[in-house]
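User: I'm new to this one. Can you walk me through it in short steps?
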Amino acid sequence: MKTILVATDFSPAAMNATHYAADMAIAINADIFLLHVFQIPYNYGEIPVPINTEAIMQDAVGQLAEIKDQLTKKTGITLHINGEVRMGTFYHELKDVCEDIHPYAVIMGSQGTSAAQHFLFGSNSVYAVKHLPYSIIAVPTHVQFSSIKKIGLACDFDNVTETIELDEIKTLVNDFNATLYVLNTGKENEFSPELIFESQQLHKMLKPLHPSYYFITSNDKDQGIADFADQHQLDLLIVVPKKHDILEKIFHASYTKQLVLHSQVPVMALHQKQS
């Protein structure tokens with residue numbers, strides 16, 4: 001059974017992502033696993049602040065139960081929902097849970113409360129996006145799930161068959177019966193034998209999905225990808241976070257006014273194959 005893991009800090013953005021995940025789960029007949037991680041000690045300047053961890057834990061458990069009730073009322077009895085509250089470092093706790101349940105995807109809201117409050121949508125989440133060996137979907141605030149019919153894959157054709165989990169892309173496209181757009185973000189004037197070989201291999205591996213191929217010509221590749229997503233009304237954009245800065249930009253509040261994804265498209269950080 002597929003399981004979608006939702007990392008939440010109980011913020012409005014996280015709640016929106018939770019509802020997005022629930023609707024996605026219904027579409028592909030998946031379970032939901034809710035995870036909240038609180039990290040201590042909280043740092044409020046240099047003065048130590050006493051922390052009642054038991055009270056924090058009880059409060060978080062209560063909030064998680066409320067979310068489960070909300071989702072049950074919204075979806076009826078069609079969803080199987082589990083959840084857990086953990087204390088520790090966000091990335092390590094998230095990784096441990098992922099290793100236990102092997103999620104179909106991890107879903108988070110792209111903007112949340114401050115790092116000083118819950119530690120979920122600050123530097124810890126960016127680290128998780130770049131290093132977690134499981135796919136993460138960042139859902140922009142107010143974006144609701146309706147369907148995933150158009151998927152974009154940003155790819156520079158650099159050793160792609162050895163580093164990108166193409167089977168995950170195939171599963172995603174087939175599960176949603178979606179159209180795949182492959183966006184070449186490499187340098188247009190480079191035609192090395194390696195690049196040609198990688199391109200041919202990628203074409204061969206993705207041939208059953210009948211993708212369309214496009215070249216991003218903008219000097220600012222991230223902006224070019226965002227513009228393509230907007231113009232073609234993509235429902236999901238897949239990127240390799242070590243090659244693109246889109247995920248880091250949408251997770252940081254400082255980028256709010258100049259948000260790269262002005263079209264508000266959910267972005268999936270596709271993990272790379274492990275050597």
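User: Which residues of helix α9 are buried?
Analyst: This is a predicted model, to begin with. Helix α9 covers residues 221-231. Its buried residues are Asp222, Gly224, Ile225, Ala226, Phe228 and Ala229.

User: What comes just after α9?
Analyst: Glutamine 233 sits there, with a positive phi of about 50°.

User: Let's jump to the start of the chain. Where does threonine 3 lie?
Analyst: Threonine 3 is in strand β1, which spans residues 3-7.

User: Is threonine 3 buried or exposed?
Analyst: Threonine 3 counts as buried because its relative accessibility is 14%, and the cut-off for buried is under 20%.

User: What does threonine 3 touch?
Analyst: Leaving out residues up to four places away in sequence, threonine 3 touches Ala30, Asp31, Phe33, Ile101, Pro103, Tyr104 and Ala105.

User: Which way do β1 and β4 pair?
Analyst: They pair in the parallel sense, over three bridges. Within β4, isoleucine 107 stands opposite valine 6.

User: How many residues of β4 are buried?
Analyst: Five of its five residues are buried, so β4 is mostly covered. Both of its faces are covered. One side has Ala105, Ile107 and Gly109. The other has Val106 and Met108.

User: How does β4 join β5?
Analyst: Strand β4 (residues 105-109) runs parallel to β5, and four bridges join them. Methionine 108 has alanine 138 as its bridge partner in β5.

User: And what is on the two sides of β5?
Analyst: Both faces of β5 are covered. Ile136 and Ala138 are buried on one side, Ile137 and Val139 on the other.

User: Which way do β5 and β10 run?
Analyst: They run antiparallel, with three bridges joining β5 to β10 (residues 267-269). Here alanine 138 turns up again: its bridge partner in β10 is valine 267.

User: Now a loop. Where is valine 143?
Analyst: Valine 143 lies in the loop between β5 (136-139) and β6 (150-155). Its relative accessibility is 15%, so valine 143 counts as buried.

User: What does valine 143 touch?
Analyst: Valine 143 touches Asn16, Tyr20, Gln264 and Pro266, not counting residues up to four places away in sequence.

User: How far is valine 143 from tyrosine 20?
Analyst: In sequence, they are 123 residues apart. In space, they are 7.8 Å apart, C-alpha to C-alpha.

User: Switching to rings. How many aromatic pairs are there in the whole structure?
Analyst: A search finds five aromatic pairs. One of them joins tyrosine 20 and phenylalanine 145. Their centres are 5.3 Å apart, with 90° between the planes, and the pair is edge-to-face.

User: Where do those two residues sit?
Analyst: Tyrosine 20 is in helix α1 (residues 12-28), while phenylalanine 145 is in the loop between β5 and β6. The pair links distant parts of the chain, 125 residues apart. Tyrosine 20 and phenylalanine 145 are both buried.

User: Why is the pair of tyrosine 181 and phenylalanine 228 edge-to-face?
Analyst: Their planes are at 65°, and edge-to-face needs over 60 degrees. The ring centres of tyrosine 181 and phenylalanine 228 are 6.0 Å apart.

User: Which elements hold that pair?
Analyst: Tyrosine 181 is in strand β7 (residues 179-184), and phenylalanine 228 is in helix α9. This pair also links distant parts of the chain, 47 residues apart. Both tyrosine 181 and phenylalanine 228 are buried.

User: Which residues form an aromatic cluster?
Analyst: Tyr20, Phe145 and Phe176 form one aromatic cluster.

User: Last topic, pockets. How much space lies in the second largest pocket?
Analyst: About 190 Å³.

User: Which residues line the second largest pocket?
Analyst: The lining is Pro103, Tyr104, Tyr134, Ser135, Glu168, Ile169, Thr171, Leu172, Met268 and Leu270. Helix α7 (residues 166-176) gives the largest share, four residues.

User: What classes are in the lining of that second largest pocket?
Analyst: Seven residues are nonpolar, two are polar and one is charged.

Terms used. Residues are numbered from 1 along each chain as its sequence is written. This is a predicted model: local features need pLDDT of at least 70, side-chain atom pairs count only at pLDDT 80 or more; totals for chains, interfaces and linings use all residues. Side-chain values use heavy atoms; hydrogens and water are left out. Buried means under 20% relative accessible area, exposed over 50%, partly exposed in between (1.4 Å probe, protein chains only). Contact means heavy atoms within 4.5 Å. Rings of Phe, Tyr and Trp (its six-membered ring) pair if their centres lie within 6.5 Å; planes under 30 degrees apart count as stacked, over 60 as edge-to-face and the rest as tilted. Two strands pair if DSSP finds at least two bridges between them. On a 1 Å grid over the protein atoms alone, a cavity is a set of points where a 1.4 Å probe fits but cannot get out, and a pocket is an open set with protein on both sides within 12 Å along at least five of seven lines; lining residues have an atom within 4 Å of a point. Grid points are joined across faces, edges and corners, and a volume is the space filled by probe spheres set on the points. Ala, Val, Leu, Ile, Met, Phe, Trp, Tyr, Cys and Pro count as nonpolar, Asp, Glu, Lys and Arg as charged, and the others, Gly among them, as polar.
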